[in-house]
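Please consult the sequence and the model shown here while reading the paragraphs that follow.

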Amino acid sequence: IIFSCCLFCNSTPFCDMTTRFCIECNNMLYPKEDRKNKKLLFVCHQCEYVEDAAINTVYRHELKKGVSENIMKDVLETFVDDPTLPKTRTALCQKCGGREATFFQNPIETGDSMSLFFVCLNPNCRASWKEGGKKASS
């Protein structure tokens, strides 16, 4: 999705969350709270220009917690060749029966940080599996 707008339009909420500039001296406007009137203002520190904010959001940071299986599979496959990761000869691959695997904790914050992820080191297999942590819901 591409949002297109000019500097002075209010067609999307993203317009008001961009950097704003003073119309009198072209310096940057800074957000300031007007506690008495309970509203957000943008003020210039150079010439005292003030304007009302169209929306009461200065910055919005959205975090997405979900991790798809495809993303996790790509992450696992890239970690196989990492020489700094520990390796074990006691793991049992359910796909090929191999005993050698590399392992690591979840690299993405999903609340599943106590899980260990294993990747079989057999070049013809490369199966991955998880042990410990939260069980996958079915």
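In this predicted model, buried residues account for 28% of the 138 residues in the chain. The accessible surface of the chain amounts to about 10700 Å², and carbon and sulfur atoms contribute 52% of that surface. The chain contains two helices and seven strands, which follow one another along the sequence in the pattern α-β-β-β-α-β-β-β-β. Among the contacts in the chain with a separation of 6 or more, 26% join residues 24 or more positions apart.

The interior may be considered next. In soluble globular proteins, nonpolar side chains tend to be buried together. The largest nonpolar core here has eight residues in all: Ala 91, Cys 93, Ala 101, Phe 118, Cys 120, Cys 125, Ala 127 and Trp 129. When its neighbours within four places in sequence are set aside, Trp 129 is in contact with Ala 91, Leu 92, Cys 93, Ala 101, Leu 116, Phe 117, Phe 118 and Cys 120.

Several cysteines have now been named, which raises the matter of their pairing. How many disulfides does the model contain? The count is zero. A disulfide is a covalent bond between the sulfur atoms of two cysteines. Cys 120 has the sulfur of Cys 96 as its nearest cysteine sulfur, 3.7 Å away; because a disulfide requires the two sulfur atoms to lie within 2.5 Å, Cys 120 is in no disulfide. Cys 120 is buried, at a relative accessible area of 1%. For Cys 125, the nearest cysteine sulfur is that of Cys 93, 3.7 Å away, and Cys 125 is likewise in no disulfide. Cys 125 also counts as buried, at 11% relative accessibility.

On the surface, Phe 21, Met 28 and Tyr 30 form a nonpolar patch that together presents about 280 Å² of accessible area. Of these residues, Tyr 30 belongs to strand 1 (residues 29-34) and is partly exposed, with a relative accessible area of 34%.

The charged side chains complete the picture, with three salt bridges found in the whole structure. One of them joins Glu 51 to Arg 20, whose closest N and O atoms are 2.6 Å apart. Glu 51 lies in strand 3 (residues 50-52), whereas Arg 20 lies in the loop between helix 1 (13-16) and strand 1, so this pair ties together parts that are 31 residues apart in sequence. Glu 51 is buried, at a relative accessible area of 13%, while Arg 20 is partly exposed, at 21%.

Lys 39 is partly exposed, with a relative accessible area of 33%, and Asp 52 is partly exposed at 49% relative accessibility.

In the remaining salt bridge, the side chains of Glu 33 and Arg 35 meet at 3.3 Å, N to O. Arg 35 counts as exposed, at 66% relative accessibility.

Terms used. Residues numbered from 1 in each chain as written. Predicted model: local features only at pLDDT ≥ 70, side-chain atom pairs only at ≥ 80, totals over all residues. Heavy atoms only, no water. Buried < 20%, exposed > 50% of the residue type's maximum accessible area, 1.4 Å probe, protein only. Patch = residues over 30% accessible without salt bridge, like charges linked within 9 Å, V, L, I, M, F, W, Y side chains within 5 Å. Areas by Shrake-Rupley, 256 points an atom, 1.4 Å probe, with all protein chains shown as cover. Salt bridge = Lys/Arg side-chain N within 4 Å of Asp/Glu carboxyl O. Helix = DSSP H or I, 4+ residues; strand = E, 2+ residues; numbered from the N terminus. Core = buried A, V, L, I, M, F, W, Y, C linked by side-chain atoms within 4.5 Å. Contact = heavy atoms within 4.5 Å.
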